[in-house]
Amino acid sequence: MAAYNVDKIREDFQILNVKVHGKPLVYLDNAATSQKPKQVIDAEKEYYETINSNIHRGVHKLSEDASAGYEEAHEKVADFIGAKEFEEIIFTRNATESLNLLAYSLCNSLKEGDEILITQAEHHANFVPWQQLAKQKRLKLKFAKVNLDSKDKENFGTLDVSQFNELVTSKTKIVSVTQMGNVLGTTNDVREIGRIVHENNPSALFIVDGAQSVAHSKIDVKKLDCDFLTFSGHKMLAPTGIGVLYGKKNLLEQMRPFMYGGDMIRKVTFDDTSYNDLPWKFEAGTPNIAGGITLGTAIDYLLKVGMENIFAHEQELTEYALKRLAEFDDVTIYGPSKIDNNKNNENKILNDRTGIISFNIDKIHAHDVASIFDQHGIAIRGGHHCAMPLMGLLDVAGTARISFYLYNKKEEVDKAIDAIEHVKKIFA
Amino acid sequence: MEFFAEDMYRENIMDHFKNPRNHGVVENPDIGFADNNPLCGDEIGITVKLNKDKNEKPTIAEIKFNGKGCAISQASASMLTEQVVGMRLEDVKKMKTDEVIKNLGIPLQPIRVKCAILGFKVLEAGIFLYEGKKVSGK
Ligand SMILES: Cc1ncc(COP(=O)(O)O)c(C=O)c1O
């Protein structure tokens with residue numbers, strides 16, 4: 001394996017040359033969205049300059065090319081996550097839409113008293129749809145507990161999967177869990193959760209929210225035993241407005257469409273409509289064609305660097321950042337205090353700490369921290385990270401959050417540490 | 001434009017944050033209101049005792065605030081209380097958010113403007129509520 005050349009990678013990301021308040025941009029808000037390499041930006045331009053047209057409709061060359069490109073992108077995504085066929089890949093706007101698609105489409109099969117199980121640490125995208133569905137249909141929404149014992153620094157933020165043995169009952173119809181939390185930075189052992197779910201209740205459906213994990217690690221849905229996987233293109237180098245729902249083919253075939261209209265139909269008469277084949281049955285209307293095609297380009301890019309290499313690089317940065325953050329007594333980290341150093345463990349991604357680090361400095365509000373970081377040209381997130389219930393459990397209004405991606409460098413961690421010193425000086 | 005954290009977190013801002021003026025709750029308030037800024041989780045509560053001399057228009061005799069949140073929200077609320085004490089309610093109502101921001105004298109990122117004007121918005125809403133009461137005769 002060639003050495004990981006971060007400077008070479010950075011050359012592909014023009015935006016990293018931007019100056020913010022006169023200082024070079026340090027982009028550490030990757031959990032919110034990633035930057036895009038020039039390959040992706042060029043692919044978008046090329047699409048509009050050479051084959052732009054509507055798909056599956058025109059009997060002309062451009063439409064044929066656009067349709068082929070768009071279908072090929074589904075295939076790339078299928079290969080990328082280990083899905084068996086491209087029919088199992090539905091393009092949506094983002095992970096949020098993928099999760100809503102599931103909530104809407106599955107709701108007809110749910111009845112009063114049925115249970116939906118999520119965790120305490122879900123993003124609102126994997127929380128509010130289920131909460132509202134539960135209210136409408138009088139279902140019970142249950143929460144798996146996250147370890148929030150502040151004395152247990154090494155395991156803070158981890159999810160004990162054994163509790164699923166009790167939580168998944170014959171009434172449980174849907175279990176939806178994030179693989180990589182966007183606040184705590186922990187990865188949950190979704191393979192084991194999936195096994196428990198299906199063993200306890202073979203008719204329960206298991207959804208994995210992969211919005212963070214798919215961008216940063218090698219995922220194989222065949223090994224995960226999940227029924228559905230949801231993620232967003234924009235967090236993995238692709239443009240905004242393109243997301244993915246993976247679903248097992250036999251399940252998608254049984255499910256009702258989420259939206260009705262053009263493209264999703266086979267035949268329409270005055271009396272009735274029959275639906276198109278997968279995945280088009282779930283892609284009503286003109287989709288984000290350029291977005292789909294460029295998601296394919298983003299995947300090509302990620303594969304060229306190698307997902308294992310990206311994960312390892314981010315682990316190194318995370319380890320370094322945690323070490324440097326530990327220099328401060330008054331910095332609280334909301335997540336495991338160290339990463340698992342068992343580098344040989346091939347299942348690391350299933351149970352580890354990743355490069356999303358939430359923290360607070362003393363009692364200083366996260367927005368003050370983020371504002372001062374911004375003056376240093378450092379983009380971080382400060383706030384509730386779309387996880388307000390979790391913030392309540394942590395008893396904070398918000399946290400500051402650093403999150404890495406393939407182009408980040410150790411020097412940038414050092415700059416973040418300098419910014420923390422500066423925050424402390426101002427608030428001293 | 002290049003600007004520095006020290007501009008935004010100027011000494012007087014930090015002084016008001018660390019040593020808030022008029023902090024707490026006034027006794028038997030005529031006006032009381034609290035609100036938060038959901039984006040940040042900033043919270044401000046304001047209570048006011050009025051000077052209600054029959055021949056004069058009501059003025060602010062005493063004002064206190066409490067709450068929690070970022071330095072900008074708390075410091076600006078503290079500065080606001082100093083500014084409005086003694087003022088006639090009708091003059092407070094005439095104040096514009098732009099003035100409140102200008103009085104802080106610091107450059108603010110657009111997203112932080114909400115923090116800076118939270119105290120003022122709470123006071124304004126409290127006054128409206130108070131006047132609403134009077135109008136409905138309760
Ligand atoms: C874990 C997780 N799930 C879901 C989402 C929602 O993603 P999107 O806003 O792209 O729909 C996010 C985005 O922050 C996330 O981090």
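Predicted model: local features only at pLDDT ≥ 70, side-chain atom pairs only at ≥ 80, totals over all residues.

Colour the helices to see what the pair links: A:Asp300 belongs to helix 11 (residues 289-305) of chain A, and A:Lys76 to helix 3 (residues 61-81) of chain A. The two residues are 224 residues apart, and the pair links distant parts of the chain.

**Further salt bridges**

How many salt bridges does a search of the whole structure find over all chains? The search finds 32. For another of them, select A:Arg93 and A:Glu97, whose side chains meet at 2.9 Å, N to O. Is A:Glu97 buried or exposed? A:Glu97 counts as buried, because its relative accessibility is 15%.

A:Arg324 has a relative accessible area of 17% and is buried, whereas A:Glu327, at 47% relative accessibility, is partly exposed.

In chain B, select B:Lys57, B:Arg88, B:Glu90, B:Asp91 and B:Lys94 together. A network of salt bridges links B:Lys57, B:Arg88, B:Glu90, B:Asp91 and B:Lys94.

**Aromatic pairs**

Over all chains, a search of the whole structure finds 14 aromatic pairs. Display the rings of A:Tyr104 and A:Phe258: their centres are 5.6 Å apart and their planes lie at 45°, so the pair is tilted. A:Tyr104 is in helix 4 (residues 95-106) of chain A, while A:Phe258 is in the loop between helix 10 (249-254) and strand 11 (265-268) of chain A, so the pair ties together parts 154 residues apart in sequence. A:Tyr104 counts as exposed, at 53% relative accessibility.

Then select A:Phe13, A:Tyr301, A:Tyr405 and A:Tyr407. One aromatic cluster is formed by A:Phe13, A:Tyr301, A:Tyr405 and A:Tyr407.

**Where chain A meets chain B**

Show both chains and select the residues in contact: 17 residues come from chain A and 22 residues from chain B. The area buried between chain A and chain B is about 1600 Å², and carbon and sulfur atoms give 54% of it. Which residues of chain A lose the most area to chain B? They are A:His367, A:Gln375 and A:Ile426, which together account for 31% of what that side buries.

Zoom in on A:Asp368 and B:Arg112. These residues form a salt bridge, with the closest N and O atoms 2.9 Å apart. The rule finds one salt bridge across the interface of chain A and chain B. Between the two chains, eight residue pairs are in polar contact.

Finally, select helix 13 (366-375) and helix 15 (410-427) of chain A, each of which supplies at least two residues of the side that touches chain B. Helix 13 of chain A provides the largest share of that side, six residues. By class, the side of chain A that touches chain B holds six nonpolar, eight polar and three charged residues.

Conventions:
Residues numbered from 1 in each chain as written. Chains lettered and ligands numbered in written order. Heavy atoms only, no water. Contact = heavy atoms within 4.5 Å. Buried area = accessible area lost by both parts, 1.4 Å probe. Salt bridge = Lys/Arg side-chain N within 4 Å of Asp/Glu carboxyl O. Polar contact = N/O pair within 3.5 Å; in protein donor to acceptor, adjacent residues only side chain to side chain. Helix = DSSP H or I, 4+ residues; strand = E, 2+ residues; numbered from the N terminus. Nonpolar A, V, L, I, M, F, W, Y, C, P; charged D, E, K, R; others polar. Buried < 20%, exposed > 50% of the residue type's maximum accessible area, 1.4 Å probe, protein only. Phe/Tyr/Trp six-rings, centres within 6.5 Å; stacked < 30°, edge-to-face > 60°.
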